[in-house]
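Reader: I'm new to this one and would like to know how the labels get attached. Could you take me through it?

Author: Happy to, so let's have a look.

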Amino acid sequence: MDFDVVIVGGGIAGASLGAEIADKRAALIVEAEEHCGFHATGRSAAFWLESYGGPKVGLLSAASRPFLELPPQDFSEASFLRTRGAVHLSRDGWPEMDAKIEARRITRDELERLIPGIRSEWQFAVLEPGCADIDVAALHAAYLRQFTGRGGQIATSSSLESAKFADGRWTITLADGRTLVTATLVNAAGAWADDVAEKSGVGPLGIAPKRRTVVQLKIGRSGLKDLPLVDDAAGTFYFKGESDSSIWLSPHDEIATDPCDAAPEEIDVATAIDRFEQVVDWPVERIERSWAGLRSFAPDRLPVYGFAPVQHPFFWCAGQGGFGIQTAPAAAKMAASLLLGEAPDPMVADIDPTIFSAARFA
Ligand SMILES: Cc1cc2nc3c(=O)[nH]c(=O)nc-3n(C[C@H](O)[C@H](O)[C@H](O)COP(=O)(O)OP(=O)(O)OC[C@H]3O[C@@H](n4cnc5c(N)ncnc54)[C@H](O)[C@@H]3O)c2cc1C
C-alpha cells in the first residue's frame, strides 16, 4: 500500500487526472462512496457551453471540445457530444457575449420557430450554436477505464480520515483504520476539498459548496427532445429537452450548504416550475423526478489546479463549480503536467496555468 500518488475523490476530476498520470506513477484513487461518480459528477445537467463560467474557464472548455467531440479511438469509439445549441433569453436588452464565442442575435420570428409557445415578453435572444450535451457517464467511465488500464488502482468505500506528512511521505489513515503511504496527495474531493485539506494539515482555500436543483418535467406537448438549451441571461432558470415530451429544468439556484448528499428542496422545485411557466405556455403535466447536487467554488470562482504553497506535496484539483465536466479533458492534461513537472500537452500549451494556481490565494 505504498504509492507515488494518492488521489482523494473518484469523480470526474480525480478520474481524469488519474487517467493522465497512471502510466507514469503508481496511483490510487480513494473514494468514500461505494462507487465513483455518486456526487456532483453523477448529478450534472450534462452540457458543454463555451460562454459558461467566463473567459478564463472558457479557455479550458474550448480546449476540451475537440477531445470530447472526437476522442482518441483507444479512449472511446463514440463522440461524447451531441450538439443542440443554446438560446440565451432576455426581457430587457440583448444578452452580452464574449466576442470570441460563436453566437448571434436572433429575431423574434426565429425565436418562435426554435421555441414554439415562448411568451411575448421575451424579445431578446442570442443563439450560441455550439452548445452540446455531454455523455457524462460514458466520459467518466472512459477515464476510469483508462486509469485502471494503465495500472491505476481504485479503492471505493475508502474515506480519508487524516493524512500526516513525515520523512518525505504521507501516511493516510482511512475511516476504517487502514493506512496507506504515498509521496504525493491529490485533493479532488469536490465539495469536501477544504475538509480534506484540513484533515491533511493544509490550510483550506474557501472552496464553497452550493446546491443546485434539477427537475425533470413531463410536458403536455411533443417534439421537445432537440430543443436548444434555453437559459435566462439574468441567470434565473435554464431548461433543455430530455425526451419527446419531457424537459430538464433548473431554477439556477445556488444555495450555500455544508458538504453532503444533496437533495432537492420543495421550494426550489416550485420556484423552477413557476419561472418556467413564465417563459413558455406549455402545460406542465407532472414532475417525473428531481435531484440536487453541489457545485463547489473557490472565492474567485475559478478552479484550482496546482501544488499548495507548502513544504510537502499536496496538489489541489478542486473548485470546478458548474463546469467540471466540460473542462475535464483540458484541465486533466494541465494538472497532469503540473503534477509530473513535465511540459504541457499540446491541448493546453497556450493556457497559462498560473491563472488556476493554488498560490494565487497565498
Ligand atoms: C445540478 C448540477 C448541474 C451541473 N451541470 C453541469 C454541466 O452541465 N456541465 C458541466 O461541465 N458541469 C456541470 N456541473 C458541475 C460538475 O458536475 C462538477 O463540476 C464536477 O462533477 C465536479 O467533479 P469532482 O470530481 O470535483 O466532484 P465529485 O463528483 O463530487 O467527486 C468528489 C468525490 O470525492 C469524494 N470524497 C470526498 N471526501 C472524501 C474523502 N475524505 N475520502 C475519499 N473520498 C472523498 C466524494 O465522495 C466524491 O465522490 C453540474 C453540477 C450540478 C450539481
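Reader: Where is His 252 found?

Author: This is a predicted model, by the way. His 252 sits in the loop between strand 16 (246-250) and strand 17 (255-256).

Reader: What makes His 252 count as partly exposed?

Author: Its relative accessibility is 26%. Buried means under 20% and exposed means over 50%, so at 26% His 252 counts as partly exposed.

Reader: What is the phi of His 252?

Author: Near 60°, a positive value in a residue other than glycine. Most residues other than glycine have a negative phi.

Reader: Why is Ala 46 called buried?

Author: The cut-off for buried is under 20%, and Ala 46 has 14% relative accessibility, so it counts as buried. Ala 46 lies in the loop between strand 2 (27-30) and strand 3 (47-48). Ala 46 also has a positive phi, about 65°, although it is not a glycine.

Reader: Why is helix 7 said to be largely enclosed by the rest of the structure?

Author: Because 12 of its 13 residues are buried. Among them are Pro 329, Lys 333, Met 334 and Leu 340.

Reader: How do you know that the span of helix 7 is close to the expected one?

Author: Helix 7 covers residues 328-340, and its first and last C-alpha are 18 Å apart. The expected span is 1.5 Å times one less than the number of residues, which comes to 18 Å for helix 7. Just after helix 7, Gly 341 takes a positive phi of about 70°.

Reader: Which residues touch the most other members of the largest nonpolar core?

Author: Leu 17, Ile 21, Leu 139, Tyr 143, Val 186, Tyr 305 and Phe 356, out of 59 residues in that core. Helix 7 gives the largest share of this core, eight residues. Apart from it lies another core of 27 residues, including Leu 28 and Ile 207.

Reader: What is Val 186 in contact with?

Author: Leaving aside neighbours within four places in sequence, the contacts of Val 186 include Val 5, Leu 17, Phe 315 and Leu 339. Contact here means heavy atoms within 4.5 Å.

Reader: And the second largest pocket: how much space lies in it?

Author: About 320 Å³. It is lined by 17 residues, and the closest to its centre are Ser 51, His 88, Asp 231, Asp 232 and Ala 233.

Reader: How do the residues of that lining divide?

Author: Into eight nonpolar, five polar and four charged.

Methods. Residues are numbered from 1 along each chain as its sequence is written. This is a predicted model: local features need pLDDT of at least 70, side-chain atom pairs count only at pLDDT 80 or more; totals for chains, interfaces and linings use all residues. Side-chain values use heavy atoms; hydrogens and water are left out. Helices (H or I, at least four residues) and strands (E, at least two) are DSSP runs, numbered from the N terminus. Buried means under 20% relative accessible area, exposed over 50%, partly exposed in between (1.4 Å probe, protein chains only). A nonpolar core is a set of buried Ala, Val, Leu, Ile, Met, Phe, Trp, Tyr and Cys residues joined through side-chain atoms within 4.5 Å. On a 1 Å grid over the protein atoms alone, a cavity is a set of points where a 1.4 Å probe fits but cannot get out, and a pocket is an open set with protein on both sides within 12 Å along at least five of seven lines; lining residues have an atom within 4 Å of a point. Grid points are joined across faces, edges and corners, and a volume is the space filled by probe spheres set on the points. Ala, Val, Leu, Ile, Met, Phe, Trp, Tyr, Cys and Pro count as nonpolar, Asp, Glu, Lys and Arg as charged, and the others, Gly among them, as polar.
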